[in-house]
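Please work through the exercises below with the sequence and the model side by side, trying each task before reading its solution.

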Amino acid sequence: MATVYRETTAPGLDDVVRCLWEEAGGAPKRIVPDCCVDLVECGGEVFVAGPDTAPWTWEAGERARGVRFAPGRAGDVLGLGADELRDQRVPLGDLWGKEGELLAEQVLSGAASLTDVVTRRRAGRADREVSELIARLDGGAPRVSAALEPFTTGERQLRRRFTLAVGYGPATYLRVSRFQRAIGLAGSAPDLASLAFSAGYADQAHLSRDCREFSGLKAREFFRARK
């Protein structure tokens, strides 16, 4: 049975939320890094899924829904650096104590939604320079050094703020963003060499190395399933 997955927008929250999503269960699904942090309800639990650097498998039959934060914005709601959540799954009660336990109970009982939680906790504004650096890396910058050129802020300070907001440094973000770009282009690329060029990789071998790290599969196997 195929997995049923869909995404929708989050009206009024588009400054901090990339999308809302629902997973209706079915076949196991391989989840690969996407530079994002998610607030998830699944299996009688509400938890935060931190930014991933490696793949993991969504088990067959698990139904879930979630809020996917825009890169760099999760901390404005969660109240801590995204780097503390890297490759972690943290129950809301462990994150916020009694308040988190109460909010999780409300979500699970239907008295509140995940978007209610985000609305109640949202605070602060986006770091303008971090947002600009994210946009430059997403826009196809070939190297982090090229993306950093326009900034007058010290590079070390900006890298530190970026890691705090996103969960990992600009170099890892660039690699994950480029891999996600390749995933988006996979359906229209005639072969892996063309896909690598279109996504901004140096060559097919470069794409293959990142694919193995981020998906756990050979590039030919991983992208064949995306056709």
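The exercises that follow treat salt bridges, a charged patch, backbone angles and one histidine.

This is a predicted model, in which local features need pLDDT of at least 70 and side-chain atom pairs count only at pLDDT 80 or more, while totals for chains, interfaces and linings use all residues. Residues are numbered from 1 along each chain as its sequence is written, and side-chain values use heavy atoms, with hydrogens and water left out.

**Exercise 1.** Determine how many salt bridges the structure holds, and work out which parts the pair Glu-22 and Arg-6 ties together.

Solution. Begin with the criterion: a salt bridge is a side-chain nitrogen of Lys or Arg within 4 Å of a carboxyl oxygen of Asp or Glu. By this criterion the structure holds 16 salt bridges. One of them joins the side chains of Glu-22 and Arg-6, with an N to O distance of 3.3 Å. Because Glu-22 lies in strand 2 (residues 17–23) and Arg-6 in strand 1 (residues 5–8), the pair ties together parts that are 16 residues apart in sequence; helices (H or I, at least four residues) and strands (E, at least two) are DSSP runs, numbered from the N terminus. Next, classify the partners by relative accessible area, where buried means under 20%, exposed over 50%, and partly exposed in between (1.4 Å probe, protein chains only). Glu-22, at 39%, is partly exposed, and Arg-6, at 46%, is partly exposed as well.

**Exercise 2.** Which residues gather in a patch of negative charge on the surface, and where is Glu-105 found?

Solution. Patches are made of residues with over 30% relative accessible area and no salt bridge, with like charges joined within 9 Å. The negative patch consists of Glu-45, Asp-94, Glu-101 and Glu-105. Glu-105 is found in helix 3 (residues 98–109), and its relative accessibility of 52% makes it exposed.

**Exercise 3.** Where do Cys-35 and Asp-87 lie, and what is the phi of Cys-35 and of Asp-87?

Solution. As background, most residues other than glycine have a negative phi. Cys-35, in the loop between strand 3 (29–31) and strand 4 (38–42), has a positive phi near 75°, and this residue is buried at 3% relative accessibility. Asp-87, in the loop between helix 1 (75–78) and strand 8 (89–91), has a positive phi near 60°, but Asp-87 is partly exposed at 36%.

**Exercise 4.** Describe the place of His-206 and name the residues that His-206 touches.

Solution. His-206 belongs to helix 10 (residues 204–215), and with a relative accessible area of 17% His-206 is buried. Taking contact to mean heavy atoms within 4.5 Å, and not counting residues up to four places away in sequence, His-206 touches Arg-178 and Tyr-201.

Notes. Patch = residues over 30% accessible without salt bridge, like charges linked within 9 Å, V, L, I, M, F, W, Y side chains within 5 Å. Areas by Shrake-Rupley, 256 points an atom, 1.4 Å probe, with all protein chains shown as cover. Lys, Arg positive; Asp, Glu negative; His and termini not counted. Charge placed at Lys NZ, Arg CZ, Asp CG, Glu CD.
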